Amino acid sequence: MTSQMDTDEQSIVLPSSTTSGLTLSLHPLPILNISEHLTRLKLQTRSNSPFVLGALLGTQNGREVEIVNTFELATEEGRDDLVSRRDQYKQVFPSLEFIGWYTVAPLPTSRHIALHEQFTGYCSTPLLLVLQPSTITSSSSDITGQTLPFKAYEPTIEIRDKKTRSVFIEAPYKVETGEAERIAVDWTAKGGGGSTSLESHIQSQRAAVKMLHERILVLVQYVTNVIAGQIPTDHTTLRSLSALIASLPASENKGFRDEFNTEYEDVQLTAFLSSLTKSTNILNDLVDKHLVLIGGSRDDRTLTVRRRGMGRQGTMPGDWAMHP
């Protein structure tokens, strides 16, 4: 009974010999959005296989479809959530239409067919994009030829034994990126904002020093084990170590230590002067703003005194005595 059900579930997707005439382009933003959606739900639900559901936005011109963006769907809100989110995106991106939905699963099943029927009211032939986290590399029968764990499916109707049923055809796709998307993906891959060339250089130097330290520890441990008699002596390795040590510059004499201390003090002094200069600039800006504020207050007081003087010129002498 179980094998029969498995066979029926797998038959939801037509064999790879049945090809789709759809030309599908997938942009990097949907890939990032769906991956982030799955990762976030895993952390929130503490489950390795949470139910992921979302909508695909893009453009369609005949048999040419382009998936440009996505948004998540709350399963408890249902259709109202889809309509409201679609209308919001239409206000910002009027050229994008609802063209399908996405989920996470090893393969489409009859459950996905039932879900698919709910989206036909918003699109005549909604596409299905499936993220398959367990898929690492593409098999020889994979018609898309992609190494990404994504598969796209187009709905169709199959007639078998004089009965019709809804099935999926796997549609090949290609990843298409624009210039702005290339810059964004490269920026994301490098760790996002706030990173400068100096920080990248320092991080590379730190990684190199850490690797060198780990290898030195391995050599020290090897020599220690040889001295303790725990491992056999390999004279070739020991001669290589001796030659390596002999090639290193002498770093324990007084001249080297004095020069090192001098350079270290210079670096510290430069850092101190840089911090002092930055603090001075901040203080100068604060003083300038204070002077502008005080100058404005003085101008207002001068203008007030002048107005009062002009008002007193028209008064009677008796008034001057009453108002010294």
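**Entry 1: buried side of α2.** I looked up which residues of α2 are buried, and got Pro-28, Pro-30, Ile-31, Ile-34, His-37, Leu-38 and Leu-41. I note here that I am working from a predicted model.

**Entry 2: length of α2.** I checked the span of the helix next. Helix α2 covers residues 28–45, 18 residues in total, and at 1.5 Å a residue it should span 26 Å.

Entry 3: Arg-46 is a residue other than glycine with a positive value. I placed Arg-46 in the loop between α2 and β2.

**Entry 4: salt bridges.** How many salt bridges does a search of the whole structure find? The count I got is 6. I followed up some of them.

I started with Arg-40 and Glu-36, whose side chains meet in a salt bridge at 2.8 Å, N to O. The two residues are 4 apart in helix α2, which means they are separated by about one helical turn. I have Arg-40 as partly exposed, with a relative accessible area of 25%. Glu-36 is also down as partly exposed, with 41%.

I then found Arg-40 in a salt bridge with Glu-72, where the closest N and O atoms are 2.2 Å apart. This pair links distant parts of the chain, with Glu-72 in strand β3 (residues 64–72) and Arg-40 in helix α2, 32 residues apart. Glu-72 has 27% relative accessibility and counts as partly exposed.

Next I took Glu-154 and Arg-63, which form a salt bridge with the closest N and O atoms 2.8 Å apart. Here too the pair links distant parts of the chain: Glu-154 is in strand β6 (residues 150–160), Arg-63 is in the loop between β2 (53–61) and β3, and 91 residues separate them. Is Glu-154 buried or exposed? At 11% relative accessibility I had to call Glu-154 buried, because the cut-off is under 20%. Arg-63 is partly exposed, with a relative accessible area of 41%.

I also asked which residues are joined through shared partners, and found Glu-36, Arg-40 and Glu-72 in one network of salt bridges.

**Entry 5: negative patch.** I turned to charge on the surface. Glu-259, Glu-263, Glu-265 and Asp-266 gather there in a patch of negative charge. I looked up Asp-266 in particular and found it in helix α8 (residues 254–312). Asp-266 counts as partly exposed, at 43% relative accessibility.

**Entry 6: nonpolar patch.** Which residues form a nonpolar patch on the surface? I listed Leu-269, Phe-272, Leu-273 and Leu-276, which together have about 390 Å² of accessible area. I checked Leu-276 and found this residue in helix α8. Leu-276 is partly exposed, with a relative accessible area of 44%.

How values were computed. Residues numbered from 1 in each chain as written. Predicted model: local features only at pLDDT ≥ 70, side-chain atom pairs only at ≥ 80, totals over all residues. Heavy atoms only, no water. Expected span 1.5 Å × (residues − 1). Buried < 20%, exposed > 50% of the residue type's maximum accessible area, 1.4 Å probe, protein only. Patch = residues over 30% accessible without salt bridge, like charges linked within 9 Å, V, L, I, M, F, W, Y side chains within 5 Å. Areas by Shrake-Rupley, 256 points an atom, 1.4 Å probe, with all protein chains shown as cover. Salt bridge = Lys/Arg side-chain N within 4 Å of Asp/Glu carboxyl O. Lys, Arg positive; Asp, Glu negative; His and termini not counted. Charge placed at Lys NZ, Arg CZ, Asp CG, Glu CD.
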